Amino acid sequence: MLEKEQILLIVYFTVIILFFIVFGIVFFVAFQRRKNKLLFDKFKAEQRFEDEIFKSRLEIQEQALKNVSWELHDNIGQLLSTAVMQINIMSTGIETKSAESLQDVRKLVGDSLQEIRNLSKTLNNEVIHNIGLEKSIRVELDRFEKLRFLKTKLSVIGEEIDIDPKDEIILYRIIQEFFSNTIKYAEASNLEVELKYTSNSLDIKIQEDGVGFDMKTVQENSGLLNMKSRAAMVKAGYDYKTAPGKGVVLTISYPLQHKA
C-alpha cells in the first residue's frame, strides 16, 4: 500500500513538473511572439516614418525645382526676350557689317532663350506631367545634342501606357539624375535610353560609354542613393552596373499590373 502511494506521489509530482515545463514553454513562446511582433511593428513604424520623411523631402525638392522653373521662364526668359527685341530694333538703323554682327548676337541670345525655356520644362513637374515621360526625355536629350555634350538616342518599344503622374515624376527624376551624373563625371560620347512597354512593366534602360568606375571602391554618393530610394518608392526594380572603362548601365523595371 505504501509503495502504491509512493508511485502515485511520484506520478503527481511528475505531472506537476510537466505542467510547469509546458506552461513555461508556452509562456516563453508567447513572450517571443509578442516580442517579435513589437519589434516588427517598431520596424514598420520606423520604415513608414522614413518613407514619409523621404516623400516630404521629395515634395520640397519638387516645389523648389518648380520655383526655379518659374524664375527661369518668367524672369530670365523675359529679360532675354527683351534683349532680342532691342537687338532687332538696333539692327535696323546701322550699317550692314555691324547689323550682321548684331544678328550673330541675336542668334546667340535667341538660342540661350530657347535653352532657358527647355531647361524650365525639365524642372517643372506639371509640365512633365502634361507632356509625358517620353517627350520629357526627348526634350532633355535634345538639349544635350544642341549643346554638343554628347550624341543621344531614344528608343521606344511597345505601345505607351499611362502611368500614375506621381510615379511618372519620380521615374523622370531618376533618369534626370543619371543624365546629370553622365554630364558631370562620365566623359561619355554617347547616351542611349530605351523605354520598353510590356503588359506587366515599363522597363527603362539607360547606358553611356564613359569612363565608368569600380563600385567596390566608390562609396554610393547622394545621387546614387537618391536614384535607388526613388525606385524603391514606386516599387520598381533597380540595377546599376559599371566598371572602369565600361561606362554605366542603369535598368529600372516599373511594375504596371498593380497600378491598373
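The exercises below begin with the overall fold and then turn to particular residues.

The structure is a predicted model, in which local features need pLDDT of at least 70 and side-chain atom pairs count only at pLDDT 80 or more, while totals for chains, interfaces and linings use all residues. Residues are numbered from 1 along each chain as its sequence is written, and side-chain values use heavy atoms, with hydrogens and water left out.

**Exercise 1. The overall fold**

State how many helices and strands the protein has, and give their pattern along the sequence.

Step 1. Helices (H or I, at least four residues) and strands (E, at least two) are DSSP runs, numbered from the N terminus.

Step 2. The protein contains six helices and five strands. Along the sequence they follow the pattern α-α-α-α-β-α-β-β-α-β-β.

Step 3. The protein has 260 residues, of which 32% count as buried. Buried means under 20% relative accessible area, exposed over 50%, and partly exposed in between (1.4 Å probe, protein chains only).

**Exercise 2. Aromatic pairs**

Classify the aromatic pair F19 and F20 and the aromatic pair F23 and F27.

Step 1. A pair of aromatic rings is described by the distance of the centres and the angle of the planes. Rings of Phe, Tyr and Trp (its six-membered ring) pair if their centres lie within 6.5 Å; planes under 30 degrees apart count as stacked, over 60 as edge-to-face and the rest as tilted.

Step 2. This rule gives a count of six aromatic pairs. For F19 and F20, the ring centres are 5.7 Å apart and the planes stand at 75 degrees, so this pair is edge-to-face. F19 is exposed at 53% relative accessible area, and F20 is exposed at 54%.

Step 3. F23 and F27 form a stacked pair, with 6.4 Å from centre to centre and 20 degrees between the planes. Because these two residues are four apart in helix α1 (residues 2–91), about one helical turn separates F23 and F27. F27 counts as exposed, with 53% relative accessibility.

Step 4. One aromatic cluster is formed by F19, F20, F23 and F27.

**Exercise 3. Strand pairing**

Describe how strand β2 pairs with β1 and with β3, and how β3 pairs with β5.

Step 1. Two strands pair if DSSP finds at least two bridges between them.

Step 2. Strand β1 (residues 151–157) and β2 run parallel and are joined by seven bridges. K151 stands opposite N190 in β2. From β1 the chain passes through helix α5 (residues 165–186) to β2, in a β-α-β crossover that is left-handed. A crossover is right-handed if, with the strands pointing away from the viewer, the path from the first strand over the helix to the second runs clockwise.

Step 3. Strand β3 (residues 201–208) pairs with β2 in the antiparallel sense over seven bridges. A hairpin of three residues joins β2 to β3. L195 stands opposite I204 in β3, and V193 has I206 in β3 as its bridge partner.

Step 4. Strand β5 (residues 248–255) runs antiparallel to β3, with eight bridges between them. K205 stands opposite T251 in β5.

**Exercise 4. Positive phi angles**

Give the phi values of E187 and K235, and state where these residues lie.

Step 1. Most residues other than glycine have a negative phi, and most peptide bonds are trans.

Step 2. E187 is not a glycine, although its phi is positive, about 55 degrees. E187 lies in the loop between α5 and β2 and is exposed at 66% relative accessibility.

Step 3. K235, also a residue other than glycine, has a positive phi near 55 degrees. K235 lies in the loop between α6 (222–233) and β4 (237–242) and is exposed, with a relative accessible area of 60%.
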